[in-house]
Amino acid sequence: MRLFSAIPFTLFSLLIYNGFAFTVGAADPGFWSQPIITIAMVSGATFQLLASDLLITIGLFFLFIEILKATRIGTTALLDHMFSVLVFVAYLVEFLVLQQAATSLFFILMAISLIDVIAGFSISITGARRDVSFGHDGMH
């Protein structure tokens, strides 16, 4: 159970992207630009949520969860940070090597993964520094 909670949620964005890019997207290169939701607005404008927009929104939601997880301490948090780095490396390798990953959508998801890595380590370091300073102040 502890190992499962260390799995970064940004991995799910990568899996969703790959799942569609190598199946539906392979047959239809314009898949990510197709509207998923179309709503007539009160203003008279038409709002369209594209498949790519939906995946970016999901990726941002996963990033939010990862930032909340970064506030944990202990072995699970360390595993989570290491796995987050591995997920970012997977994004980077795919972006550089695979044609299906050479899209702006994939680049944005990769940037979300990088923010997860940076935020996770920053939050952990800040929390550790605070713990050390509280421990030091109590000794005086």
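**Exercise 1. How many salt bridges does the structure hold, and which residues form them?**

Step 1. Start with the test. A salt bridge is a side-chain nitrogen of Lys or Arg within 4 Å of a carboxyl oxygen of Asp or Glu. Side chains of opposite charge can pair when their charged atoms come close.

Step 2. Know the model. It is predicted: local features need pLDDT of at least 70, side-chain atom pairs count only at pLDDT 80 or more, and totals for chains, interfaces and linings use all residues. Residues are numbered from 1 along each chain as its sequence is written, and side-chain values use heavy atoms, leaving out hydrogens and water.

Step 3. Count. The structure holds two salt bridges.

Step 4. Name the pairs. Glu 66 bonds to Lys 69 in a salt bridge, with the closest N and O atoms 3.0 Å apart. Asp 80 also forms a salt bridge with Lys 69; here the closest N and O atoms are 3.5 Å apart.

Step 5. Join them. Glu 66, Lys 69 and Asp 80 make up a network of salt bridges.

**Exercise 2. Are Glu 66, Lys 69 and Asp 80 buried or exposed?**

Step 1. Buried means under 20% relative accessible area, exposed over 50%, partly exposed in between (1.4 Å probe, protein chains only).

Step 2. Check each residue. Glu 66 has 1% relative accessibility, so it is buried. Lys 69 is buried at 11%. Asp 80 is buried at 2%.

Step 3. Look along H5. Its buried residues include Asp 80, His 81, Phe 88 and Tyr 91.

Step 4. Widen the view. Of the protein's 140 residues, 31% count as buried.

**Exercise 3. Which elements does the protein have, and in what order do they run?**

Step 1. Count. There are six helices and two strands.

Step 2. Order them. From the N terminus on, they run α-α-α-β-β-α-α-α.

How values were computed:
Helices (H or I, at least four residues) and strands (E, at least two) are DSSP runs, numbered from the N terminus.
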